[in-house]
Amino acid sequence: MAEAAVGSHAQCITDGQEELEHVAALLRSAESATVLCHVFPDADTLGSGLAVAIALSRWGVPVQVSFAEPLTLPDVFAGLPHSSMIVSPDEVAADTDIVIAVDCGSADRLGALADRLAAARASIVIDHHRSNTRFGTVNYIDPSADSTSMLIARLYDCLGETIDEDVAHCLYAGLVTDTGSFRWCGPAAHLLAARLIGTGINAPVITRDLLDTHPFGRLAMLSAVLGDAQLLPDAAGGQGLVYTTVRVEDMDGLPEDERETVVDIVRTTGEAEVAAVLKQLGPGRWSVSLRSKQSVDVARVAKALGGGGHARSAGFTADDSADAIVAAIVRELG
Ligand SMILES: [Mn+2]
């Protein structure tokens, strides 16, 4: 515990301390709260959202956690502690005292629940996306953080709340996934991981459940999708682009989140600095994931095409043919 106390003091001296204290004070004043995660949630938005909700519920504040799409929680997240606090979007109160959006770069990431922002006395945005539009009345944004859950750990320290095993499980879920199992992160992420594991959580099981467990049908989907991959060695000024498409028929009843794992395989292509996966949402409608290794800023590309994200991981949605979308990416890569 002594180590945790020293660590928490060090973490409190950061840029954005004023905003963090403002967030803490607002949360302390909450009479009711809605915690909003982004559409098609990942473990960072859900783990962060649940951790905020756990603190509020400890104080007796009525709190709901939700996201606009899909309508139910994907099975992969059912093991997150207190996931029973997650309600379907139609159950979210029309107005609450405080709305907290976690891991959302812009209000449209809230989907149909974005209207809850204006109905609240105050809205808090906690996020680590550089492209964040600061759409809350109070915004605690730190693009240098490897996950939003790292910012929630700082919030716990500022509130003087204990990070117990349940909270640590939620925060570790966000941390291990957003850092690609600690492949791309700084020392602060490793220090936080050590602190979280120190609470007694079973980190290998959390990681395996979230990242290394897939239905058998995924193998056939990967076979089809990876077999269609294309390499454009001249793209991105000769650094190369590798891409593929995941069509609706490729999914064949698989959970939607299995689409999100394709880019992690495609981006391992040695001949390409940039990877793109076009995921078909419907006829002529695509969600595109972009990844880069070390030099290309894909957040800039995504932004130019109507999306956003991080320098090495970004995305956008487009209504067009797959070929036209690839052409637009190639053009923006220069
Ligand atoms: Mn995140």
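So, five strands make an open sheet here, in the order β2-β1-β3-β4-β5, and the pairing is parallel. Strands pair if DSSP finds at least two bridges between them; strands (E, at least two residues) and helices (H or I, at least four) are DSSP runs, numbered from the N terminus. At the edges you have β2 (63-66) and β5 (138-141), each with a single partner strand, so one side of each is left without a neighbour in the sheet. On average, neighbouring strands are turned by 15° against each other, direction ignored.

Keep in mind that this is a predicted model: local features need pLDDT of at least 70 and side-chain atom pairs count only at pLDDT 80 or more, while totals for chains, interfaces and linings use all residues. Numbering runs from 1 along each chain as its sequence is written.

Now zoom in on β1 (residues 33-36) and β3 (residues 98-102), which pair in the parallel sense over four bridges. There, L36 stands opposite A101 in β3. Packed on the sheet is α3, touching β1, β2 and β3, with its direction at about 175° to that of β2. For angles, axes are lines fitted to C-alpha atoms, for helices over the stretch in contact, and they run from 0 to 180 degrees between N-to-C directions. Contact means C-beta atoms, placed from the backbone, within 7 Å.

Then there's α5, which lies across β3, β4 (122-127) and β5, at about 120° to β4. How many of its 12 residues are buried? It's 11 of the 12, so α5 is largely enclosed by the rest of the structure. Buried means 20 or more other C-beta atoms within 10 Å of a residue's own; exposed is 12 or fewer, partly exposed is in between, and C-beta atoms are placed from the backbone. Just after α5, G160 takes a positive phi of about 75°.

On to the core. The largest nonpolar core has 65 residues, and I100, L171 and Y172 have the most contacts inside it. Such a core is a set of buried Ala, Val, Leu, Ile, Met, Phe, Trp, Tyr and Cys residues joined through C-beta atoms within 7 Å. Helix α3 (residues 43-58) gives the most to this core, with nine residues. Leaving aside neighbours within four places in sequence, L171 is in contact with residues including G47, A51, I152 and A153. A second, separate core of 32 residues includes A276, A299, F316 and L333.

Notes:
Contact = placed C-beta atoms within 7 Å.
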